[in-house]
Amino acid sequence: MLELDGVSLSFGGVRAVNNLSFEIPDGQITALIGPNGAGKTSILNVISRFYTPQHGRVTFDGKDLLQLPPSEIIDVGIARSFQNVALFKELSVVDNLKIGTDHRSSAGLFSNMFRLPRAVKHERDARREAEEVLEFLDIEAIAERRSGTLSYGHQKLVDLGRALVSRPKLLLLDEPAAGTSEGLKAWLATKIKEIPERFGCAVLLIDHDMLLVLGVSQKVVVVDFGSKIAQGTPDEIRQDRRVIAAYLGEES
Amino acid sequence: MMPNSVSRLRKGHMARRGGLAVGFLAFALAPVFVGSNVTTMGILTEAVIYALVVVSLNLLVGFAGLVSIGQAGFLAVGAYAAGYSANHLHLALPLELLLSGILAGLVGFILGLPSGRLRGHYLVIITLGFGLAVPQIALEATDITNGFTGLSISNTQFGPIVMNSPRAMYYFAFVVVAISMMLILLVLASKSGRAIMAVRDSEAAALAMGIPVARTKVIVFTLSAFFCGIAGDLFAHFEGLVTPADFTLALSLFFLAAVIVGGLGSVGGSIVGALVLVYVQTRSASVGGYSEFIIGAAVVVVLMLFPEGLASIPALLGRKLHLTRGVGELPGPDAAEPGEVSSVIAGADPGDHQGGVNA
């Protein structure tokens with residue numbers, strides 16, 4: 001469904017992504033791994049259109065993503081989380097999630113101001129869908145809390161929930177478990193595993209926690225210095241010499 | 001544990017709604033108690049009109065994070081539209097109010113166009129220039145504004161009702177302001193309102209959630225100017241005379257002070273802020289030139305006591321009385337392993353989330 005073809009991205013003289021090609025298949029969890037500074041988040045920022053690559057093509061279901069502004073990426077069905085959580089911190093948790101559903105409402109300012117039927121219907125739907133995702137993530141109890149006052153672990157969950165509630169076809173997760181406790185990490189791994197079936201979407205997971213990545217994904221793409229150095233099933237990656245040298249060797 | 005905390009939060013909602021209802025009733029019934037006092041009715045009418053201006057300014061400064069110090073400019077556009085209509089067009093009152101709002105909204109739209117790309121200081125300068133330019137233009141465009149002399153409005157009439165008493169004028173302003181505030185609250189509690197606040201909190205996340213950031217900023221400028229224009233219309237009817245000297249930089253700063261005293265991002269706070277500052281202004285008028293000094297001192301005192309404005313008092317009281325729980329003792333996925341919660345907090349530094357784009 002998502003295809004990167006020969007993508008290169010430079011900042012000044014620094015090459016963040018180098019002639020990178022890979023594909024994310026439908027309905028699966030694909031992991032993108034690599035050491036710190038390998039260019040993982042840059043790739044994610046290319047897909048969500050925060051960065052425009054100098055070379056290459058990015059297509060999603062045959063559509064050229066590079067023709068779209070960042071605010072229209074969610075409309076084609078791609079939602080993302082943020083590595084350092086970028087919540088709407090003055091808003092409640094449930095409002096953060098409602099914003100994840102808002103792109104689907106056609107109600108404009110006028111409809112919203114006068115609570116015309118479609119605005120009322122959207123508010124109802126948004127609330128219900130937000131509650132479903134809150135329940136999935138087991139955070140209903142903090143629904144009305146101001147998100148900026150939450151612990152980091154809870155903020156990570158809200159960040160994930162906000163992307164999930166948009167009903168994406170492809171969910172981009174940028175280190176969803178980074179900086180959280182071991183207990184939450186393990187719990188998150190089982191939750192992420194459930195996402196494709198329960199929400200009918202593919203997942204692109206970035207993380208450098210090998211245990212998390214190899215445990216939940218069906219396909220792994222390994223990058224280093226912006227280039228792909230390996231690709232395969234988790235079992236193949238475990239045995240790949242170049243991966244072990246570039247990545248596992250240092251980590252373990 | 002969970003249903004308990006949910007009901008507590010619902011209580012918070014109820015309290016806020018209750019506060020609005022009490023405020024509404026207090027303003028609606030005020031003339032019953034002080035209606036015979038012409039001066040008090042005048043002060044109250046001014047406070048009600050200014051409350052709408054302050055709420056409209058809070059849309060920009062508090063809800064959207066766009067600092068404007070030219071709000072008196074929008075007030076002037078609405079006031080002159082009212083004056084022109086009363087003298088030349090003779091529109092029915094609701095139509096005239098709508099026209100004032102739309103004209104000011106149009107000006108806000110144009111002023112908002114560069115705001116999508118400008119931030120911080122640049123936006124402050126643009127709104128400052130606008131606020132200073134409007135009275136100058138009013139002085140020069142004598143065909144429309146009657147220049148230095150200004151436009152007078154002799155009688156305010158809606159159908160058979162003539163608003164020739166302070167009490168009638170108060171109720172006229174009160175009804176228009178109450179309807180305007182209700183519409184603003186409905187917008188804020190909708191997709192449109194969430195988009196405005198989302199852009200303020202994180203532009204990167206707003207974009208990723210499909211919110212067109214630049215367009216949202218233009219919309220909030222238009223909305224703010226629209227309601228300020230309606231307040232300007234009321235202002236013209238209340239004063240009975242509109243002159244360029246009414247719309248000074250000091251007035252714009254007065255509105256901004258009321259926003260901050262009331263609390264950024266709080267409609268109720270803005271109403272209280274307007275009420276408090278109008279009261280301080282009238283009380284200090286008797287000491288001549290020191291009025292502005294006293295207002296400034298009042299602002300400093302309030303902010304020293306309540307850095308987040310008067311709107312934060314209920315929450316502070318609630319915390320004092322242990323009605324709300326502190327951070328870190330919440331249930332959630334970690335609840336199964338109580339020991340984990342504290343390490344979640346200690347696990348990483350949330351750092352500065354602004355921007356959110358990382359290479």
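This is a predicted model: local features need pLDDT of at least 70, side-chain atom pairs count only at pLDDT 80 or more; totals for chains, interfaces and linings use all residues.
Me: How many residues line the second largest pocket, and which lie nearest its centre?

Reply: The lining has 29 residues, and those nearest the centre are Leu97(B), Leu98(B), Ser180(B), Phe226(B) and Ile230(B). The space in this pocket is about 630 Å³.

Me: What is the lining of the second largest pocket by class?

Reply: It has 26 nonpolar residues, three polar ones and no charged ones.

Me: How do I read the packing of two helices?

Reply: Two packed helices are described by the angle between their axes and the distance between the axes. Here, helix H8 (residues 191-201) of chain B packs against H10(B) at about 115°, and their axes are 10 Å apart. The crossing of H8(B) past H10(B) is left-handed.

Me: Which residues make the contact between H8(B) and H10(B)?

Reply: H8(B) contributes Ala195(B), Ile196(B) and Val199(B), while H10(B) contributes Val213(B), Thr216(B), Lys217(B) and Val220(B). By class, five are nonpolar, one is polar and one is charged.

Me: Where is Lys228(A) found, and what is it in contact with?

Reply: Lys228(A) is in strand E10 (residues 227-232) of chain A. Leaving aside neighbours within four places in sequence, its contacts include Leu20(A), Phe22(A), Val222(A) and Arg242(A).

Technical notes
Residues are numbered from 1 along each chain as its sequence is written. Chains are lettered from A and ligands numbered from 1 in the order in which they are written. Side-chain values use heavy atoms; hydrogens and water are left out. On a 1 Å grid over the protein atoms alone, a cavity is a set of points where a 1.4 Å probe fits but cannot get out, and a pocket is an open set with protein on both sides within 12 Å along at least five of seven lines; lining residues have an atom within 4 Å of a point. Grid points are joined across faces, edges and corners, and a volume is the space filled by probe spheres set on the points. Ala, Val, Leu, Ile, Met, Phe, Trp, Tyr, Cys and Pro count as nonpolar, Asp, Glu, Lys and Arg as charged, and the others, Gly among them, as polar. Axes are lines fitted to C-alpha atoms, for helices over the stretch in contact, and angles run from 0 to 180 degrees between N-to-C directions. Helices (H or I, at least four residues) and strands (E, at least two) are DSSP runs, numbered from the N terminus. A crossing is left-handed if the near helix is turned anticlockwise from the far one by less than a right angle, and right-handed if clockwise. Contact means heavy atoms within 4.5 Å.
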